[in-house]
Amino acid sequence: MKNINKRIIGVIVIKNDRVVNSFQYKKYLPIGKVSSSVLNLDMWEVDEILILDINRSKKQLGPNFELIENLNKKNFNTPLIYAGSIRNYKDAIKLCSLGIERIVIDNFLFNNPEKIKKISEFIGSQAIILCLPLKYKNKELFYFNHVKKKEYKINEHPITLFDKNMYSEILIIDYKNEGDGLFDLNLLKISKIIEKKLIVFGGINNIKLSKKILKNKFVSAIGVGNKLNFKESSIYNLKEQIKHNFKNKKIIR
């Protein structure tokens, strides 16, 4: 597994156009402006920035195009990923035209998986990431359907049957430890079910845990938020530690 990119993605969670610390999809602590967080992460040289807008789907508002347009006016170079109420291929194309390099998709897997194929045809599979909130319980993996607010066994998820050529990576989220707690390493067992590159997020709040997760051959990136996201020294130390432990692997930037 030589020359595999191990990336650090700064995750900015947004609710009502403000950056928040999110705790298990239940509680939220306001932080500040989106533009300030993006510029900070760009300055601290994370490899990508994921903008995760958590309440637009519920309100059926579609992507936050105005927010992306305003960010486009700022002077930063870090690639942007966007997640939040993407409804169809037209939304995907417009986001890409505004500078978004990749998008994250969740709901389509349940209500209209054919839409993902359509989006892939227009923007390419490399620009598509599928989202999978997970929990490990009784030696089994469960996913959380945030629309129905219910948990289901992973073998009931349509992603297990979906064409892997239609997307590039899977974003797995430890939604029980997101914002508070430690990432459950058992969630990495998803790679035994779906052999695809993983972006890991939720409960990654120290360097030791970050390095342990990145040693998994299927993990291509970790997403850092709350505790690591807004501290320059934490990002710098994490990148230096990763470089030291992955000498035979390429580290972006």
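Helices are DSSP runs of at least four residues, numbered from the N terminus.

**Figure 1. Overview of the predicted model.**
The protein has 253 residues, and 53% of them count as buried. Its secondary structure consists of nine helices and twelve strands. Among contacts with a separation of 6 or more, 65% are between residues 24 or more positions apart.

**Figure 2. The second largest pocket and its lining.**
The volume of this pocket is about 220 Å³. Helix 3 contributes the most to the lining, with four residues. Two elements each give two or more residues: helix 1 (34–43) and helix 3 (65–72). Lining residues include Asp17, Arg18, Lys33 and Asn64. Also in the lining are Val34, Ser35, Glu66, Leu67, Asn70, Leu71 and Lys74. By class, the lining has three nonpolar, three polar and five charged residues.

**Figure 3. Packing of helix 4 against helix 6.**
A pair of packed helices is described by the angle between the axes and the distance between them. Here helix 4 covers residues 89–97 and helix 6 covers residues 114–123. The angle is about 30°, and the axes lie 9 Å apart. The crossing of helix 4 and helix 6 is right-handed.

**Figure 4. Residues at the contact of helix 4 with helix 6.**
Helix 4 brings Tyr89, Ala92, Ile93 and Cys96 to this contact. On the side of helix 6, the residues are Lys118, Ile119, Phe122 and Ile123. Seven residues of the contact are nonpolar, none is polar and one is charged.

Terms used
Residues numbered from 1 in each chain as written. Predicted model: local features only at pLDDT ≥ 70, side-chain atom pairs only at ≥ 80, totals over all residues. Heavy atoms only, no water. Axes fitted to C-alpha atoms, helices over the stretch in contact; angles between N-to-C directions. Left-handed = near helix turned anticlockwise from the far one by under 90°. Contact = heavy atoms within 4.5 Å. Nonpolar A, V, L, I, M, F, W, Y, C, P; charged D, E, K, R; others polar. 1 Å grid on protein atoms, 1.4 Å probe; cavity = no way out; pocket = protein on both sides within 12 Å on 5 of 7 lines; lining within 4 Å. Points joined across faces, edges and corners; volume = space filled by probe spheres on them. Buried < 20%, exposed > 50% of the residue type's maximum accessible area, 1.4 Å probe, protein only.
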